[in-house]
Amino acid sequence: MNKWIKEEYCHSFSGGQKFMINQSAWLYQYGFKHRQPTNGAMQRGLTSEFITYYIMKRENQFKEHKPIDSITNWHFKRNKFAYDVDEVDNSIAISKQFKKALQERQLTKINHYQKKIVVDGKDYGLEYPIVCYTDFGFDDRIVDTKATLKCPTNPKTSHIRQQCLYSKLYDTPTSILYATPKRYNFVDILQGEVEQGFQECINTFKNIENYLKVCDTLEKAVMITPLNTDDYYFNNNMKQEARKQWQKIINKM
């Protein structure tokens, strides 16, 4: 095991994606233990899917539910730093689109929500396990929701790859549901796509493990990983802190 990574470390799609895009952002999270705080746009996604789950679950049980604006504000205010009036309104509208899309596909009985599984990585040639969280699970399908303000005509490659990982590990067909406040796009992942997307994820996890073997100390990791704070993984505070952390180690070398 690596000396600076947590003993309970698990591979995840989000971690693998971050490593692919910006290794220094991955190192900042898993090496320096800094995580980007949830912002309004991120909270929009969390709240939109929660409202959808809450209302559909209550309706399926023939129970009344609290007013949608009330439950939305409550869920948003759980993270006071992410609270945004416009995003609250967006979440309400998007949750209605999620609900409409699922009902039109006759996906109304939610069997599980935010289900977690941990899979032994040794089954796929890995040292560390793989952890997955899915949004909505139905009898014969997993649906991952994406709350956005611009609905894509075609799904993002990374989103397809994520669902390929889930489809393989849960042994269930998967779909992506994009929604804006005004429209939605439901995309089924084709069975023929699953193996390739899954293998791409496994390859990334193997790259991470090779990186950890080479960088058996945090100092080595910093020395071979140029700091790149130009993307969305770093807010202004994180940029400043990361520069200090990198420079502090470099000055010692």
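**Close-up views**

**View 1. Q163 in helix 6.** Q163 is part of helix 6, which covers residues 157-170. The model shown here and in the views below is predicted. With a relative accessibility of 0%, Q163 counts as buried. If neighbours within four places in sequence are set aside, the contacts of Q163 are D144, T174, S175, I176 and I189.

**View 2. T52 in helix 3.** Helix 3 contains T52. T52 has a relative accessibility of 1% and counts as buried. Residues up to four places away in sequence are not counted here; beyond them, T52 touches S95, F98, K99, L102 and F136. C10 is 42 residues from T52 along the chain, and the C-alpha atoms of C10 and T52 are 29 Å apart.

**View 3. Buried residues of helix 1.** Helix 1 spans residues 13-21. F13, G15, G16, Q17, K18 and F19 are the buried residues of this helix. They pack against helix 2, helix 6 and helix 7. One of them, F19, also belongs to a cluster linked by ring pairs, together with W4, Y9, W26, Y30, Y128 and Y211.

**View 4. Helix 2 and its surroundings.** Helix 2 runs over residues 23-30. Of its 8 residues, 7 are buried, so helix 2 is largely enclosed by the rest of the structure. The buried residues are S24, A25, W26, L27, Y28, Q29 and Y30. These residues pack against helix 1, helix 7, helix 8 and helix 9. W26 and Y30 are also members of the aromatic cluster linked by ring pairs.

**View 5. Crossing of helix 2 and helix 7.** Two packed helices are described by the angle between their axes and the distance between the axes. For helix 2 and helix 7 (residues 191-214), the axes come within 13 Å and the crossing angle is roughly 70°. Helix 2 is therefore roughly perpendicular to helix 7. The crossing of helix 2 and helix 7 is right-handed. On the helix 2 side, Q23, W26 and L27 make the contact; on the helix 7 side, I208, Y211 and L212 do. By type, the residues of this contact of helix 2 with helix 7 comprise 5 nonpolar, 1 polar and no charged. W26 and Y211, one from each helix, both belong to the aromatic cluster.

**View 6. Crossing of helix 4 and helix 5.** Helix 4 (residues 68-77) packs against helix 5 (residues 85-104) at an angle of about 125°, and the axes are 10 Å apart. The crossing of helix 4 and helix 5 is right-handed. Helix 4 contributes I68, D69, T72, N73 and F76 to the contact, and helix 5 contributes E87, V88, S91, I92, S95 and K96. The residues of this contact of helix 4 with helix 5 divide into 4 nonpolar, 4 polar and 3 charged. S95, on the helix 5 side, is also among the residues touched by T52.

**View 7. The aromatic pair Y28 and F234.** A pair of aromatic rings is described by the distance of the centres and the angle of the planes. The model has 19 aromatic pairs. In one of them, Y28 with F234, the ring centres lie 5.5 Å apart and the planes are at 35°, so the pair is tilted. Y28 sits in helix 2 and F234 in the loop between helix 8 (218-224) and helix 9 (236-252), so the pair ties together parts that are 206 residues apart in sequence. Y28 has a relative accessible area of 2% and is buried. F234 also counts as buried, at 5% relative accessibility.

**View 8. The aromatic pair F50 and W74.** The ring centres of F50 and W74 are 6.0 Å apart and the planes stand at 50°, so this pair is tilted. F50 lies in helix 3 (residues 40-60) and W74 in helix 4; the pair links distant parts of the chain, 24 residues apart. F50 counts as buried at 17% relative accessibility, because the limit for buried is under 20%. W74, with a relative accessible area of 45%, is partly exposed.

Key
Residues are numbered from 1 along each chain as its sequence is written. This is a predicted model: local features need pLDDT of at least 70, side-chain atom pairs count only at pLDDT 80 or more; totals for chains, interfaces and linings use all residues. Side-chain values use heavy atoms; hydrogens and water are left out. Axes are lines fitted to C-alpha atoms, for helices over the stretch in contact, and angles run from 0 to 180 degrees between N-to-C directions. Helices (H or I, at least four residues) and strands (E, at least two) are DSSP runs, numbered from the N terminus. A crossing is left-handed if the near helix is turned anticlockwise from the far one by less than a right angle, and right-handed if clockwise. Contact means heavy atoms within 4.5 Å. Ala, Val, Leu, Ile, Met, Phe, Trp, Tyr, Cys and Pro count as nonpolar, Asp, Glu, Lys and Arg as charged, and the others, Gly among them, as polar. Rings of Phe, Tyr and Trp (its six-membered ring) pair if their centres lie within 6.5 Å; planes under 30 degrees apart count as stacked, over 60 as edge-to-face and the rest as tilted. Buried means under 20% relative accessible area, exposed over 50%, partly exposed in between (1.4 Å probe, protein chains only). Angles under 35 degrees count as roughly parallel, over 145 as roughly antiparallel, 65 to 115 as roughly perpendicular and the rest as oblique.
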